[in-house]
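Colleague: I would be grateful for a close look at one part of this model, followed by a connected account of other places that deserve attention.

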Amino acid sequence: IVASSIAITLFTLGACQPTPTEEAVVNKGDNVFQIAVASTAKPEQAYSHTDTWSEQYSEGNLTCTFDAKVIMPDSTSFPIIKVTRRPVDKQILADFISSYVGRADRVYKTVRTVNDIQEELAAVVKGEVVYNNGELSYIPFEGQNERIEALQEELKNTTDVVYIAQDNVDLSARPFQYSYIKADSTVWKIIATETLLEATSFNTGILQQESWVMKGDAYPGEPAGTTIDVSLDQKTAEQFAVQAAQDIGASNLAVASIEKARIIRRYTYEVISAGWMVTLCRNDGGSLPIDVSRMSFGGALQYEPSEFMAPWPPETLSVYVDEKGVGWLNWKNPVTAKSVENENVQLMPFDQIKEKVKNIIKFGTKWSDNVEQTTINITVQSLTLTNTIMKVDDSSDYAVLAPTWLIKYVDQNAAGAITIIAINAIDGSRVDPIISMMAVPPS
């Protein structure tokens, strides 16, 4: 009886076996990147490129159509920035609590409480919630009696929470899991690990974005095409999110995406809040903020891991806001910019990048050479220049943010699935912006 909620799937892929020569074409830069980083910065000037790319070619099992927009940041310099991982420390927690909790009436270590169990038990006794044309009804479900018995037994063995003084909470504890009850009865549940800060004021509410809701059955019986009515305007929502980043000390982040969203009550699916989900990503050096963590890499085109695989996951800050302000926040994998390694690195000319893209696409179909009756039909929709994290040696202590082309293509043989290829904008070799992203030929 739990509603569906947004789930972002990252594909974990295994490996094909290219020859060393072919692999060098796509996965290795022959130290061109390292040499460019160490070179003297180039004078600032606009990068020469076309606004679109229209072309089509066929080779072997592949038909590739370029009907692509070229998307560039409004910048005349392209720096290389050295970054390190930033732990979610006690200062970050203190800043969040000061900004959004203040002085709480009561604090307790987050556990499943008597009220939590009683709420679920009441819902299970009623049965599964079903909406038909907006009418609410309850129906029995498989395992209902067994679940009731289990909850009743859990209730017998659960005691009330023990409250502690706010000043006695150890903000350096990891994992950190505490609930703060404010004077107005708002409960902030806060979780922190070394790489994550997550906080919600909606207790057991379920967060759903409009793109998911429109597919239908976001809760049982909800029709496809359902939209979310939001009273807060988009600009104000973005301002709330940007302010949240400043409040917790997150720097060099800008709005990468925004979408209408809602919070529904678990068990009854009543909408208790309607607002916006705002995601912020790195924009160091004026780069375009793009959330690569939500992108699919690989698809019909398959590769060995690249020389420039990211050493850790990308940083994202997601914030849910409604007319009351910030109600949910999730900050993953913070990094700190340590130094500028090159203020304006030399990018590979755009005509050469186009040839690199075509070569990489051709190479990505090698797995199909010995597969009978296999055709690959893809359409490249866009090329976007941004920054992604790349390792520069075997060190896991630091990496660099470097200019990267993200090539978005549609696989016409896979119901229009959208996939990304990433290419180093300096040497034209392939990049893996997601850690442990490997490739396997489709079966």
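In which loop is Pro175 found?

Modeller: Pro175 is found in the loop between H5 and S7. Here helices (H or I, at least four residues) and strands (E, at least two residues) are DSSP runs, numbered from the N terminus. This is a predicted model, in which local features need pLDDT of at least 70 and side-chain atom pairs count only at pLDDT 80 or more, while totals for chains, interfaces and linings use all residues. Residues are numbered from 1 along each chain as its sequence is written, and side-chain values use heavy atoms, with hydrogens and water left out.

The peptide bond between Arg174 and Pro175 is cis, with omega at about 0 degrees. Most residues other than glycine have a negative phi, and most peptide bonds are trans. Asp160 counts as exposed, at 60% relative accessibility; buried means under 20% relative accessible area, exposed over 50%, and partly exposed in between, for a 1.4 Å probe and protein chains only. Between Asp160 and Asn115 there are 9.0 Å in space, C-alpha to C-alpha, and 45 residues in sequence.

Backbone angles call for a remark at two further loops. Ser185 is not a glycine, yet its phi is positive, at about 80 degrees. Its place is the loop between S7 and strand S8 (187-192), and Ser185 is exposed at 56% relative accessibility. Asn333 likewise has a positive phi, near 55 degrees, in a residue other than glycine. This residue belongs to the loop between strand S15 (325-332) and strand S16 (335-342), but Asn333 counts as buried, at 10% relative accessibility.

Another loop, between helix H2 (32-38) and strand S1 (52-59), contains Thr40. Thr40 is exposed, with a relative accessible area of 67%. Its C-alpha atom is separated by 52 Å from that of Phe202, 162 residues apart along the chain.

Let us turn to helix H8. Lys358 lies in this helix, which covers residues 350-364. Although charged, Lys358 is buried, with a relative accessible area of 12%; the charged class comprises Asp, Glu, Lys and Arg, the nonpolar class Ala, Val, Leu, Ile, Met, Phe, Trp, Tyr, Cys and Pro, and the others, Gly among them, count as polar. The side chains of Lys358 and Glu355 are joined by a polar contact of 3.2 Å. A polar contact is a pair of N or O atoms within 3.5 Å; within protein, one must be able to donate a hydrogen and the other to accept it, and residues adjacent in sequence count only if both atoms are side-chain atoms. Apart from neighbours within four places in sequence, Lys358 is in contact (heavy atoms within 4.5 Å) with Trp53, Glu55, Tyr57 and Phe66.

Rings of Phe, Tyr and Trp (its six-membered ring) pair if their centres lie within 6.5 Å; planes under 30 degrees apart count as stacked, over 60 as edge-to-face and the rest as tilted. By this rule the model has 15 aromatic pairs. For Phe350 and Trp405 the ring centres are 5.7 Å apart and the planes stand at 50 degrees, so the pair is tilted. Phe350 is buried at 4% relative accessible area, and Trp405 is buried at 1%. Together with Tyr47 and Phe78, these two residues form one aromatic cluster.

Strand S17 (residues 376-390) holds Asn387, which counts as buried at 16% relative accessibility. Not counting residues up to four places away in sequence, Asn387 touches Asp284, Ser287, Leu401, Ala402, Pro403 and Thr404. A polar atom of the Asn387 side chain lies 3.5 Å from the backbone oxygen of Asp284. Asn387 and Pro79 are 308 residues apart in sequence, but 9.4 Å apart in space, C-alpha to C-alpha.

Finally, helix H3 (residues 90-100) packs with helix H7 (residues 234-247) at an angle of about 135 degrees, their axes 9 Å apart. Axes are lines fitted to C-alpha atoms, for helices over the stretch in contact, and angles run from 0 to 180 degrees between N-to-C directions. H3 and H7 are therefore oblique to each other: angles under 35 degrees count as roughly parallel, over 145 as roughly antiparallel, 65 to 115 as roughly perpendicular and the rest as oblique. Asp95, Ser99 and Tyr100 of H3 meet Gln243, Ala244 and Asp247 of H7. The residues of this contact divide into two nonpolar, two polar and two charged.
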